[in-house]
Amino acid sequence: MNDASLKALREALAHSPDNAPLWRHHSETQLAMGRFDEAEREIRVALAKWPEDLELKLGLCSSFYRQGKNAEALVIAEALAKSGVPRALIMHARLLLRAGNAELAARQYRRALDDDPKLADDDLSERLGVRLDAAEDEDAEIVDGRVRAQGGETKSGAAMEIERPSVGFADVGGMENVKEEIRLKIIYPLTHPEVYKAYGKQAGGGILMYGPPGCGKTHLARATAGEVKAGFIAVGISDVLDMWIGQSERNLHEIFEQARASKPCVLFFDEVDALGASRTDMRQSAGRQLINQFLSELDGVQYSNEGVLILAATNAPWHLDSAFRRPGRFDRIIFVPPPDDVARAEILRLHTRGKPLADPDFEHAGKKLDGFSGADLKAVVDVAIEEKLREAMKTGKPAPLTTKDLLNAAKKQKPSTKEWFATAKNYALYSNQGGLYDDVLRHLKLK
Ligand code: ATP
């Protein structure tokens, strides 16, 4: 390859700008010549014409990879790897290795070689410790006739604690859209079943909330239970996973059964992506069975979910199995943004309730604390109170909390939502499945 061949290709493209194979060849040549930023620019132009072209997407991913734009490359590789195309799996493995996730990298690499052994790469095999003659399954072990899957711990039974929350929507600052959605989709069908029946609307399905950490997803789920005086079961992935194949599914079933037996009950799955993730730490096939179990419990065909309100949350919706999003399952997927000025003022007010106050200007403080999550704001209040206590111990007099105290405390607390948006932006731009992340783009003013 040399400049002359690139020039010739360019001329050919000028004559036939709609020739997809020519574009692919052109970008391959650019990549082979190490012109990565140029390749990136031009592949984007080609992708605008053929957004689903696998070769072009792989080319874009490779140009990112070679320029060290790892986050962008990873998003594309992850999406392509879902299709199981061996070259995409190899790319994914390289990026995972670069990100320090050697275990998953090795798994993706093995999957690629199972399909196309010609893609074996000595360097990658060595770094991942994958023996080329042993691509068979090494993850499962048979003990006492039961198959043990890698990862996960043993547990016996899954009896969950049922809370009776005393908080309601009034204790949750902002989040008006999400509250409204929860009212319509799950509270009213419970409190006004006849109206819903009259309109032929069936209750069922759940709401999935996603967004940066600490912005009130768990808090709102708990408040939903408080709002309708229902029980509340918070399920984390460690409550479900078990190292014995089949036991995780049974755990999940027992948890649903417990909710059904205690209706009305809000069943809340935190980090639900971990349950259905293509990146779960379990063997691929074991993971699939758990997802299927979860979906059949959600569908409520075999057992009725009447009176069971299902909410779930994730900070990483991009790792969620797409089957979760079908109608009747999590057909409402809601972006929970960080609180805006007004909500921040409200959250500060909520968390200082009952404390000695010197009439702090919450609106002013709220405006100043852009990017702070609800959890960050709670931490600001905690720090400010501690500081006041320290002073009171010295002076012997308790002094009330001022605006300045809050702003000073905020200096010690970094807003935590920015990092999440840096990742989410990449998914929203490069892997926006059917507009799933349009709300994120709108929030970032990119749409
Ligand atoms: P993660 O994704 O990390 O699980 P999350 O979105 O579920 O986070 P929560 O655990 O609900 O966030 O929030 C942490 C704490 O921050 C809550 O217990 C609550 O005290 C406070 N908080 C967050 N958002 C709000 C809010 N809108 N109103 C009042 N308090 C809030």
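Me: Which helix holds D273?
Reply: This is a predicted model. The helix in question covers residues 273–276, and D273 has its place there. The element is helix α14.

Me: Is D273 buried or exposed?
Reply: The relative accessibility of D273 is 12%. Buried means under 20%. Because of that 12%, D273 counts as buried.

Me: Which side chain makes a polar contact of 2.7 Å with the side chain of D273?
Reply: Set aside the neighbours of D273 within four places in sequence; its contacts then include N315, A316, H319 and L320. T314 is in contact with D273 as well. The 2.7 Å polar contact joins the side chain of D273 to that of T314.

Me: How many residues has the largest nonpolar core?
Reply: L267, F269, F294 and V440 have the most contacts inside this core. F269 is in contact with F294, and also with V235, L252, F256, L311, A312 and A313, leaving aside neighbours within four places in sequence. Another core, with M91, L95, L113 and L128 among its 39 residues, lies apart from it. The size of the largest nonpolar core is 43 residues.

Me: Why is strand β4 largely enclosed by the rest of the structure?
Reply: Strand β4 spans residues 231–235. It is largely enclosed because, of its five residues, the number buried is four.

Me: In β5, what is the bridge partner of A234?
Reply: Strand β5 covers residues 265–269. β4 pairs with β5 in the parallel sense, over five bridges. For A234, the bridge partner in β5 is F268.

Notes
Residues numbered from 1 in each chain as written. Predicted model: local features only at pLDDT ≥ 70, side-chain atom pairs only at ≥ 80, totals over all residues. Heavy atoms only, no water. Helix = DSSP H or I, 4+ residues; strand = E, 2+ residues; numbered from the N terminus. Buried < 20%, exposed > 50% of the residue type's maximum accessible area, 1.4 Å probe, protein only. Polar contact = N/O pair within 3.5 Å; in protein donor to acceptor, adjacent residues only side chain to side chain. Contact = heavy atoms within 4.5 Å. Core = buried A, V, L, I, M, F, W, Y, C linked by side-chain atoms within 4.5 Å. Pairing = 2+ DSSP bridges.
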